[in-house]
Amino acid sequence: MRADGLFIAVAVDDAAALDAELARKLAEVCPVDIFATDEEGTLKLVDENLDECVLCRLCLDASPIGAVEVIKLYDNDAVLA
């Protein structure tokens, strides 16, 4: 799954998005509420919050390598590493 804002895009591996524990953890750590969970516990991206991203890396640190990507659309689609 991927959602694009004006400046930031977030991509989450489909298998990771279905992991209820990871979804809960991402929703908990994000300081600007980009991540949420639905009633089944799967991950949802909150489109209107994408451009609030402060590039803190907490979502990257909370997830397995490659499960979440933060893409800087303003920087030729550079991926936050």
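1. Basis. The model is predicted, so that local features need pLDDT of at least 70 and side-chain atom pairs count only at pLDDT 80 or more, while totals for chains, interfaces and linings use all residues. Residues are numbered from 1 along each chain as its sequence is written, and side-chain values use heavy atoms, with hydrogens and water left out.

2. Helix α2. Helices (DSSP runs of H or I, at least four residues) and strands (E, at least two) are numbered from the N terminus. In α2 the buried residues are L22, A23 and L26, where buried means under 20% relative accessible area, exposed over 50%, and partly exposed in between, with a 1.4 Å probe and protein chains only. These residues lie on the same side of α2 because they cover an arc of only 100 degrees around the axis, the arc being that of the directions from the helix axis to the C-beta atoms. E21 and E28, on the other side of α2, are exposed.

3. I34. This residue sits in the loop between α2 (20-29) and β3, and I34 counts as buried because its relative accessibility is 3%. Not counting residues up to four places away in sequence, I34 touches V10, K44, L45, V46, N49, L50 and C53. The C-alpha atoms of I34 and L50 are 5.8 Å apart in space, although the two are 16 residues apart in sequence.

4. D38. In the loop between β3 (35-37) and β4 (43-45), D38 counts as buried at 16% relative accessibility, and its side chain reaches the backbone nitrogen of E40 at 3.0 Å.

5. C56. Located in the loop between β4 and α3, C56 has a relative accessible area of 36% and is therefore partly exposed.

6. Pocket lining. Among the residues that line the largest pocket are R57, L60, E69 and V79.

Terms used
On a 1 Å grid over the protein atoms alone, a cavity is a set of points where a 1.4 Å probe fits but cannot get out, and a pocket is an open set with protein on both sides within 12 Å along at least five of seven lines; lining residues have an atom within 4 Å of a point. A polar contact is a pair of N or O atoms within 3.5 Å; within protein, one must be able to donate a hydrogen and the other to accept it, and residues adjacent in sequence count only if both atoms are side-chain atoms. Contact means heavy atoms within 4.5 Å.
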